[in-house]
Amino acid sequence: MDAGSAEREDVVVRQYRYLLRTAPADALEVAHVEALPQLRWRERGLVLAAVQDGLVAGLRLDRDQVRALAHLVTLGERRSPGAFLAAVDPVTLRHLADLVVVAEASFGLFGGYATWDGSDPVAPEEPWTDSGFAERWRTPLTVRVVYLDYTGGPSTPDSFGRGR
């Protein structure tokens with residue numbers, strides 16, 4: 001988020017964004033578990049729709065599965081900063097932010113808020129791993145493959161079945 005839009009941002013939404021970026025994940029999840037049941041039924045549905053659209057998760061969740069929904073919001077914003085916030089309705093976001101900021105689990109988590117510049121962190125790039133199953137492309141084949149044909153003698157792929 002740039003400096004101009006940070007100045008226009010609602011104070012409570014900014015505090016909520018600060019918690020999403022800096023609070024320990026377990027405390028943040030507990031704050032969401034405390035806040036989500038206080039939302040109206042329709043607003044919880046909008047939060048669920050935002051999780052499904054913005055984070056592409058929770059497709060089989062119901063709006064009443066508060067703990068799972070809180071987990072997805074917390075984890076999704078950690079992995080992809082701003083995805084949930086951009087997908088949720090602004091009025092619902094403001095109400096959710098208000099409830100999370102005043103939640104008991106959020107108490108004491110605003111220690112560095114006064115010096116926070118409002119910037120979103122760059123999403124951490126997860127290292128790609130092939131799990132040992134990928135082939136090494138562009139590595140020259142240095143070992144000649146030798147096969148045994150049906151008569152039991154050595155042959156190569158180029159000579160298999162030829163010269164008979």
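Predicted model: local features only at pLDDT ≥ 70, side-chain atom pairs only at ≥ 80, totals over all residues.
**Exercise 1. Give the order of the elements in the protein chain, starting at the N terminus.**

Solution. Begin with the count: the protein chain has 7 helices and 2 strands. Then read from the N terminus, which gives α-α-α-α-α-α-α-β-β. Finally, turn to contacts with a separation of 6 or more: 64% of them join residues 24 or more positions apart.

**Exercise 2. Describe helix 5 by its span, its buried residues and what covers them.**

Solution. Helix 5 covers residues 66-79, which is 14 residues. From first to last C-alpha it reaches 20 Å, close to the 20 Å expected at 1.5 Å a residue. Its buried residues are V66, L69, A70, L72, V73, T74, G76 and E77. Their cover includes helix 2 (11-22), helix 3 (25-35), helix 4 (41-54) and helix 6 (83-87).

**Exercise 3. Why is helix 4 classed as roughly perpendicular to helix 7, and which residues make the contact?**

Solution. The axes of helix 4 and helix 7 (residues 90-101) are 10 Å apart, and the packing angle is about 105°. Angles of 65 to 115 degrees count as roughly perpendicular, so helix 4 is roughly perpendicular to helix 7. Helix 4 contributes E43, L46 and V47, and helix 7 contributes T92, H95 and L96. Sorted by class, the contact has 3 nonpolar, 2 polar and 1 charged residues.

Note on methods: Residues numbered from 1 in each chain as written. Heavy atoms only, no water. Helix = DSSP H or I, 4+ residues; strand = E, 2+ residues; numbered from the N terminus. Expected span 1.5 Å × (residues − 1). Buried < 20%, exposed > 50% of the residue type's maximum accessible area, 1.4 Å probe, protein only. Contact = heavy atoms within 4.5 Å. Axes fitted to C-alpha atoms, helices over the stretch in contact; angles between N-to-C directions. Parallel < 35°, antiparallel > 145°, perpendicular 65-115°, else oblique. Nonpolar A, V, L, I, M, F, W, Y, C, P; charged D, E, K, R; others polar.
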